[in-house]
Amino acid sequence: MTDLFDFERRSLRFAVVGHPVAHSKSPRIHDAFARQFGITLTYEAVDLDPIAFEQGVRHLQAGGVIGINVTIPFKQAAYRLAETLSDRARAAQAVNTLAFLPDGKISGDNTDGAGLLRDLEINLASPLRGMRVLILGAGGAARGILKPLLSAQPNDLVIANRTASRARDLADEAGADSVQGIAFGELSGAFDLVINATSTSLTGGLPDVGEHVFKLGGLAYDLAYADQPTSFMRWAISSGAGKAVDGLGMLVEQAAESFFVWHQKRPDTRPVIDELRAGFR
Ligand code: ATR
């Protein structure tokens, strides 16, 4: 494969930008991936002023950084800044991976959905084909995972949101017969997989939906992660789900996808997920 970005001839400097970003695990993850291949790189966490995102990115580019991961709250700003976009970034309307091309142009990609899919289908051995899938939430996080989830051909995919109109709009945008957008109160039946894409876990809250959504023995997936099981995970298990996981696997998998974008090499994610999980204990 050709080295798209011709990184061999440039120094390997990378960064993750966010606000706040000090607790980001991305530097550890990318360092661990690089070690697997004997690659020497630097990867730093950079807190950017929300009113000067573009300036901050341009400053890093001028300083020789060649790839940037973008986290909250800058994924939409990165989408607007990128001069070329991958299909998956366009679908997500958000960018989490920027690459500075040798000609100075900025390309944008989004690896979040692919990361979730790999975690579900490979790490958790839960192929989505034929499943009933529920996404709770219709904000940026839900939009980012929608198209990749659909590509795995679930039987049906329901988006339920506190504000029903946002769920309907997102479903309309997806433009697939298997997708439906509804209010929490309209939910009926049980789902093989329930994904929490609301921001409720950040505050220890729960989306206001009935526990009937969890199929007995089904899978519950919280996009958020923490050193303890999240409120959503605990609730899912007490409601009958067979297994509840947080988004740590997705975090490492999206990083691996970004690593692939920059280095055209696919790291082994399992030891890195295990190492981060052990660090929580
Ligand atoms: P993100 O980028 O994390 O998705 P967002 O775009 O602000 O952030 O979306 C937050 C999501 O969490 C939305 O789906 C929001 O529901 P609304 O569209 O009704 O605002 C959902 N959310 C936030 N707090 C919630 C709560 N207490 N109960 C249920 N859903 C909640």
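Two strands pair if DSSP finds at least two bridges between them. Strands here are DSSP runs of E with at least two residues, and helices are runs of H or I with at least four, both numbered from the N terminus. With that in hand, let's walk through the model.

A word on the basis. This is a predicted model, in which local features need pLDDT of at least 70, side-chain atom pairs count only at pLDDT 80 or more, and totals for chains, interfaces and linings use all residues. Residues are numbered from 1 along each chain as its sequence is written, and side-chain values use heavy atoms, with hydrogens and water left out.

Start with a pair of strands. Strand S5 covers residues 97-100, and strand S6 covers residues 106-109. They pair in the antiparallel sense, over four bridges. Which residue in S6 is the bridge partner of Thr97? That is Asp109.

Now widen the view. S5 and S6 belong to an open sheet of six strands. The order is S2-S1-S3-S5-S6-S4, and the pairing is mixed. Which strands are at the edges? Strand S2 (42-47) and strand S4 (84-85), each of which pairs on one side only.

Next, strand S7, residues 132-136. Four of its five residues are buried, so S7 is largely enclosed by the rest of the structure. Buried means under 20% relative accessible area, exposed means over 50%, and partly exposed is in between, with a 1.4 Å probe and protein chains only.

S7 has two parallel partners to look at. One is strand S8, residues 156-161, paired with S7 over five bridges. Val133 stands opposite Leu157 in S8. How does the chain get from S7 to S8? It crosses through helix H6, residues 140-151, and this β-α-β crossover is right-handed. Right-handed has a set meaning: with the strands pointing away from the viewer, the path from the first strand over the helix to the second runs clockwise.

The other partner is strand S10, residues 191-196. Four bridges join S10 to S7, and the two run parallel. Here Leu136 stands opposite Asn196.

A backbone N or O atom of Ala138 lies 2.9 Å from an oxygen atom of the ligand. For Gly140, that distance from a backbone N or O atom to a ligand oxygen is 3.0 Å. For Ala141, it is 2.9 Å. How much of the ligand does the protein cover? It covers 68% of the 640 Å² of accessible area that the ligand has on its own. Accessible areas come from the Shrake-Rupley method with a 1.4 Å probe; for residues, only the protein chains shown count as cover.

Two residues away from that story. Asp119 lies in helix H5, residues 112-123. At 5% relative accessibility, Asp119 counts as buried. Asp119 and Asp169 are 50 residues apart in sequence and 27 Å apart in space, C-alpha to C-alpha. Then Leu223, in the loop between strand S11 (214-222) and helix H8 (231-238). Is Leu223 buried or exposed? At 16% relative accessibility, Leu223 counts as buried. Leu223 and Leu116 are 107 residues apart along the chain, yet their C-alpha atoms are separated by 8.4 Å.

Most residues other than glycine have a negative phi, and most peptide bonds are trans. A cis peptide bond joins His19 and Pro20, with omega about 0°. Pro20 lies in the loop between strand S1 (13-18) and helix H1 (26-37). The bond from Ile72 to Pro73 is also cis, with omega near 10°. Pro73 sits in the loop between strand S3 (67-70) and helix H3 (75-81).

Now phi. Gln93 is not glycine, but its phi is positive, near 50°. Gln93 is in the loop between helix H4 (87-92) and S5, and at 32% relative accessibility it counts as partly exposed. Ala125 has a positive phi too, near 50°. Ala125 is found in the loop between H5 and S7. At 58% relative accessibility, Ala125 counts as exposed.

How values were computed:
A polar contact is a pair of N or O atoms within 3.5 Å; within protein, one must be able to donate a hydrogen and the other to accept it, and residues adjacent in sequence count only if both atoms are side-chain atoms.
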